[in-house]
Amino acid sequence: LCLQPLPPDDVARVPVAVREALPPQIEAENFEKFYADYLRELTRLIALGAEWGVRLGREHWRVNPCPWFSTTLLGCIDAGLDYTQGGAQYNQSGIALVGLGTVVDALFAIRTAVFEERWLSLAELRTCLAMNWQGWEAMRARVRRLPRFGHGHPEVDALAARFCREVAAFIRTLPSERGGTFQSSCFVYYAFSTMGAQTRATPDGRRDGEMLTQGIAGDRAAPPASLTDLFHSLSRIDFRDFPGNAVLDLQLPTGAGIPPQTLSALMRTFAALGGPTLQVNCVSVKTLEEAQRHPEQYRDLVVRISGLSAHFVCLDQRVQDEIISRALLPV
């Protein structure tokens, strides 16, 4: 499975349309240089998005004032201003980071495969991604076997902690439209699915259009051996840097019977290790599948979705399928 450097004749076999679509060759002699270049480009895009948000936010009070909500916030009544005009005591805005696990897995794959073990070059990786891994299945399989975020692997966890710390520190420097600053969030609602559908293949082995990782969870296609591993990985990240909230969604097989004491211990352990927000669906996959087939029999079945609760049978089938596909992790 170890890929040798491609000779020119093999590179020439890549379709012309694919070669023309490739971005300019990335030059980096080591991972630190690559990471610095990536972070510089990422923060540039975040700053651009924040600038757009500020421009739109300054017009918010004209088109969507919130007087009733504003009365519940400190400062608005004293200032006589709607919160959308900066009347509140605290005037932060949020920037949600979507696909944290995907990014960490991709960075670790690049560090390992390209710069440390050198069984893949950056040029070859760009070709793999442009080809959506087609024709490179053996290489993709090797990438997929690398350690993943959420598996309790020390090096991956350290990379995740560093990435979160540095991105959050940058976001805190960006002024918001109401006089405060922006703050980081990993509370992404359903963007992990909608944005994933528009995202090309990534270096972690993910293919075109597949979902990004959800919230602060790892890749559901490669779940960890236990929730303990996942919780320990998350404990390496200082979620005080994410006051906009960060959410872990879990699908627990309570249909198979989880004792209340075990569920209580799960919640307490998550909190003790510094976990931010835990959302749990306590419905078995079998029940969910039955509800799809016989919705008239499951009109009262409620599930958690994107921070809210909803009747499962009222959801779009695409959303139902996503909930069913959530990894069931052993407790």
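**Figure 1. Burial and overall make-up of the protein.** Of the 331 residues of the protein, 44% count as buried. The model is predicted. The protein has 15 helices and 6 strands. Its accessible surface amounts to about 17000 Å², and carbon and sulfur atoms hold 57% of this surface.

**Figure 2. Packing of helix H3 against helix H7.** Helix H3 covers residues 31-57 and helix H7 covers residues 100-116. Because angles over 145 degrees count as roughly antiparallel, H3 is roughly antiparallel to H7. The crossing of these two helices, H3 and H7, is right-handed. On the H3 side the contact is formed by Phe-31, Phe-34, Tyr-35 and Tyr-38. On the H7 side the residues are Val-103, Leu-107, Ile-110, Arg-111 and Phe-115. By class, the contact of H3 with H7 comprises 8 nonpolar residues, 1 charged residue and no polar residues.

**Figure 3. Packing of helix H12 against helix H13.** Helix H12 spans residues 227-235, and helix H13 spans residues 260-272. The axes of H12 and H13 come within 9 Å and cross at roughly 20 degrees. Since angles under 35 degrees count as roughly parallel, H12 and H13 are roughly parallel to each other. Their crossing, that of H12 and H13, is right-handed. H12 contributes Leu-227, Phe-231 and Leu-234 to the contact, and H13 contributes Leu-266, Thr-269 and Phe-270. The contact of H12 with H13 divides into 5 nonpolar residues, 1 polar residue and no charged residues.

Figure 4. Ala-272 is located in helix H13 (residues 260-272). Ala-272 is exposed, its relative accessible area being 68%. The C-alpha atoms of Ala-272 and Ser-235 are 9.0 Å apart in space, while the two residues are 37 residues apart in sequence.

**Figure 5. Surroundings of Ala-88 in a loop.** The loop that holds Ala-88 runs between helix H6 (76-79) and strand S1 (93-96). With a relative accessible area of 11%, Ala-88 is buried. Leaving aside residues up to four places away in sequence, Ala-88 touches Leu-73, Leu-74, Gly-75, Cys-76 and Tyr-83. Ala-88 and Gly-179 are 91 residues apart along the chain, and their C-alpha atoms are separated by 9.9 Å.

**Figure 6. Arg-118, a residue other than glycine with positive phi.** Arg-118 belongs to the loop between H7 and helix H8 (122-130). The phi angle of Arg-118 is near 55 degrees. Arg-118 is exposed, at a relative accessible area of 57%.

**Figure 7. Asn-245, not a glycine, with positive phi.** Asn-245 sits in the loop between H12 and strand S3 (247-251). The phi angle of Asn-245 is about 95 degrees. Asn-245 counts as partly exposed, with 25% relative accessibility.

Conventions. Residues are numbered from 1 along each chain as its sequence is written. This is a predicted model: local features need pLDDT of at least 70, side-chain atom pairs count only at pLDDT 80 or more; totals for chains, interfaces and linings use all residues. Side-chain values use heavy atoms; hydrogens and water are left out. Axes are lines fitted to C-alpha atoms, for helices over the stretch in contact, and angles run from 0 to 180 degrees between N-to-C directions. Helices (H or I, at least four residues) and strands (E, at least two) are DSSP runs, numbered from the N terminus. Angles under 35 degrees count as roughly parallel, over 145 as roughly antiparallel, 65 to 115 as roughly perpendicular and the rest as oblique. A crossing is left-handed if the near helix is turned anticlockwise from the far one by less than a right angle, and right-handed if clockwise. Contact means heavy atoms within 4.5 Å. Ala, Val, Leu, Ile, Met, Phe, Trp, Tyr, Cys and Pro count as nonpolar, Asp, Glu, Lys and Arg as charged, and the others, Gly among them, as polar. Buried means under 20% relative accessible area, exposed over 50%, partly exposed in between (1.4 Å probe, protein chains only). Accessible areas come from the Shrake-Rupley method with a 1.4 Å probe; for residues, only the protein chains shown count as cover.
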